[in-house]
Structure formats: structure tokens, C-alpha cells
Amino acid sequence: DARRRLRELNGRLALFDPQSDEVQVLEGAPPGARPLAWSPDRTKLLVAGRFRDLVQLFVWDRASGGFEIVTSGPDEHPMGCLGAGGRLVAVEVRRVAGQYAGRLLATPPGSATGLRPVTAGPSDVLPACAPGAGTVAFVTAGADGVLAIAVLDVDTPGAAPRLVARGTDPVFTPDGAWIVYAATGTKGDRLWRVRRDGSGRTPIGRSAEDEGHPTVSPDGAFVAYIANDDQDRPRLRVRRVDGSGDRPLLTDGHADSPVW
């Protein structure tokens, strides 16, 4: 009964202005709503939420304030990103031999409909769309189970993904030159950046706690991320891309899945 009641609850998405500290709750979000990515022009927000007991993708329109579902069953689509011209990239997840398998789907250039497979799977998740180009970074798992970030040009037929770094949670900088991500080291998860060709791998600051779910400010100057505090509560923090100026961005409440 508790699970049924939770499924019936609307999601609670919020927009937070880091300059004014104003928080705006978005009404009408789907149950279990989680923000995934803005469109390059910041007019639309891609959201994952439940629809008929399946996780699907929705788009929140800033102008109208409404949510529109953009994927459908029988498979689930729990992750995705928005590219230039309204392009949608989505993860299709299905159960195969008792395990989940994921692959990437994408719409044609300049279109938000007509999803087609662009990777074979079975472990392709967490896509991030590069601004102004048909390039997608995503997480894939090798035969040894190690997570790595791959880059793929979805507009080139037959193009093979290129592995650029070990890690997860990739996101492009606004100029498309760098990928910011989280990677596991000897002292926990830390934030890094790497160029899309795999060069220039550089850490982005250090903290005493695990760091993950990075997102880059629209001017490319800051990285917001999630880190647990000394009481193991997930908090929203921010630092400059050069690693300096680390500080809490929200000082109360738990936070998850930030999208800047």
C-alpha cells in the first residue's frame, strides 16, 4: 500500500536561482520526476518520470509551464538528453535473460520524433548531448564491468564510439570542448574533465567526500555537483572549473540530479 501511494504522488521538481536563492517548484511534474538535461537554448527541460508503471521521458516547456510525454512503452526510457534543433537522445531499457540491457536511440537531426537505435548496447546509459553538434557522450560498461565514457557522432552512419576516459556522469561544457565527469580513485569519486578526443584529462578540485552528478553553468565557469556531508546527507555544492572556490550551494535539504 505504501508503494502504491508513493507511485500516485506527483514529482517535486524545483528551479533554484544561485544568485537570488529563490526556489520555484514546478507544478504538474510526473510521479518520480527527475531532471536530466536542458535544451541548448534553455527553453526546455528533459525529465524522467513514471507513466503507467513505466519510466518515460517528458519535456517541460518554460514558456507554457507544462509537461509533455515524449517516449512510450512497452520499453522504459529512464535517461536522455536534448540536442540542437529539438533532437532527442534516449536510453531504451529492456529485460534480457533476467537482466537489464540498455542502448541509445536518437531522432534525426533537427527532429524531436522518430527515435532509431544508434548503439547496440547492452550497457549504454547516461547520454549527454554536445551543444550545436550531433555528438553524444555516454557511459558504457566493458566486459570487465568497468564503466567508461564513450563519444559518438550519431549523424555518421556506422561510426564507432571512442572511449575517452574511465568514469560516469558525463556532461559537456557549453562550448562543447570538454566533458566533465566523475571517476573513482583511491580516495573515492572525484570530478574530472577531458577533451572529447580523450586528451587533457584534468582533476577539478578536491574534497573530502565522494563527488558525483556534475553539471556546468551556462557560462562554463562553475561546476555544481552532489557530495555527502559529514552526516551522509546528499548536498548541492559548487566550485569553479579551475577547482577553486568550493562551497555549498544549498545549505538545507537533500539534493539530487542537478541540471544547470
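User: Through how many residues does a hairpin join strand 16 to strand 17?

Analyst: The model is predicted. In it, two residues connect strand 16 to strand 17 in a hairpin.

User: How many bridges join strand 16 to strand 17, and in which sense do they run?

Analyst: Strand 16 covers residues 178-185 and strand 17 covers residues 188-195. Eight bridges join them, and the strands run antiparallel.

User: Is strand 16 mostly covered or mostly open?

Analyst: In general, side chains in a regular strand alternate between the two faces of the sheet. Strand 16 is mostly covered, with six of its eight residues buried. Buried here means under 20% relative accessible area.

User: How should I read a pocket, and what volume does the largest pocket have?

Analyst: The general idea is that a probe the size of a water molecule, rolled over the atoms, shows where empty space is left. The largest pocket in this model has a volume of about 1200 Å³. It is lined by 38 residues, and those closest to its centre are Ala14, Leu15, Phe16, Leu236 and Val259. Elements that give two or more residues to this lining include strand 1 (13-16) and strand 21 (234-240). Strand 1 supplies the largest share, four residues.

User: Which classes of residue make up the lining of the largest pocket?

Analyst: The lining has 23 nonpolar, six polar and nine charged residues.

User: What about the second largest pocket: how much space lies in it?

Analyst: The second largest pocket holds about 690 Å³. Its lining has 35 residues, of which Leu36, Ala37, Ala128, Pro170 and Val171 are the closest to its centre. Among the elements that give two or more residues to this lining are strand 3, strand 11 (124-129) and strand 15 (168-172). Strand 3 gives the most, with five residues. By class, the lining divides into 24 nonpolar, eight polar and three charged residues.

How values were computed:
Residues numbered from 1 in each chain as written. Predicted model: local features only at pLDDT ≥ 70, side-chain atom pairs only at ≥ 80, totals over all residues. Heavy atoms only, no water. 1 Å grid on protein atoms, 1.4 Å probe; cavity = no way out; pocket = protein on both sides within 12 Å on 5 of 7 lines; lining within 4 Å. Points joined across faces, edges and corners; volume = space filled by probe spheres on them. Nonpolar A, V, L, I, M, F, W, Y, C, P; charged D, E, K, R; others polar. Buried < 20%, exposed > 50% of the residue type's maximum accessible area, 1.4 Å probe, protein only. Pairing = 2+ DSSP bridges.
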